[in-house]
Amino acid sequence: MTSARPSTPQPPSRRIAEDLRRQIENGELRSGDKLPSERALAETYGSARNTAREAIRILAEQGLVTAKHGSGVFVREPQRLFRFGSDRYSLKNRETGLTPFRLEARRQGKVPRVEVPSIARERPPADVAERLQVPAGEESVVHRENHYFADDVPVQIVSTYLRWDEAQGTLLMQPKTGKDGIYGRLEELGHVMTRVRDEISARMPTPEEAAILEILPGVPVLEVLHTSLDQEGVPFEVSRYVHRADQTGLLYELPVE
């Protein structure tokens, strides 16, 4: 009979971090509460100040606390922005005249802002070319990159790909595309969205994504590869959404058929 291996004891810093996380999760430490100082934590847990400092770093990497220069370390307030995947492209929402992101942000009491750092003709990534049904080895798409903010906090990067032969010479090449956004212009080109396909995965951010989204070390991103299909079942737009996982949730309510 094989005996069980003894468990490896946790480092003191991780034990402190786990205890503080438990206090945050059960409400003993609430959003906005100030954590005890490193000196006080060291005294409470009978550890060195460096050990307490490492425990705080672990909590910061987990997105549970944030340091305010000159003030201390505080429990972070949850500010998750939900993407309503099941109805974000519905006709009733389109009638508001707002883009899906602006509508979702306003519904949740956030102030939305969008920056468009680049619009360029490019060769598409292989996964985009496959879904949009365009040549991967040619400059067959227009790539629109948008950065999205809620209450001035960067929450997502969106890379939208459209067919070059459709987008050239239209407002789709401009930062401001007019009423109803890009979908209004694509409808004018004959593409009425009737179905969408969202492929969702989680991963760690690239260095560029981490810089743009101001992501803390150890925080992953959610990636949504979105394909819009028209009334003929033809894919006409592919967008790659990269969301901060600590600032974004995905909400889907779908009928069971």
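Helix H5 spans residues 100–107, and its buried residues are Pro100, Phe101, Leu103, Glu104 and Ala105. Buried means under 20% relative accessible area, exposed over 50%, and partly exposed in between, with a 1.4 Å probe and protein chains only. Helices (H or I, at least four residues) and strands (E, at least two) are DSSP runs, numbered from the N terminus. Gly109 follows H5 and has a positive phi, near 75 degrees.

This is a predicted model: local features need pLDDT of at least 70, side-chain atom pairs count only at pLDDT 80 or more, and totals for chains, interfaces and linings use all residues. Residues are numbered from 1 along each chain as its sequence is written, and side-chain values use heavy atoms, with hydrogens and water left out.

Now turn to helix H1. H1 covers residues 12–25, 14 residues in total. From first C-alpha to last, H1 reaches 20 Å, close to the 20 Å expected at 1.5 Å a residue. That expected span is 1.5 Å times one less than the number of residues. Its buried residues are Ser13, Ile16, Ala17, Leu20, Gln23 and Ile24. They lie on the same side of H1, because they cover an arc of only 120 degrees around the axis. The arc is that of the directions from the helix axis to the C-beta atoms. What covers these buried residues includes helices H2 (38–45) and H3 (49–61), and strands E1 (65–68) and E2 (72–75). Contact here means heavy atoms within 4.5 Å. Just after H1, Gly27 takes a positive phi of about 90 degrees.

Leu251 is partly exposed, at 31% relative accessible area. Leu251 and Phe82 are 169 residues apart in sequence, but 6.4 Å apart in space, C-alpha to C-alpha.
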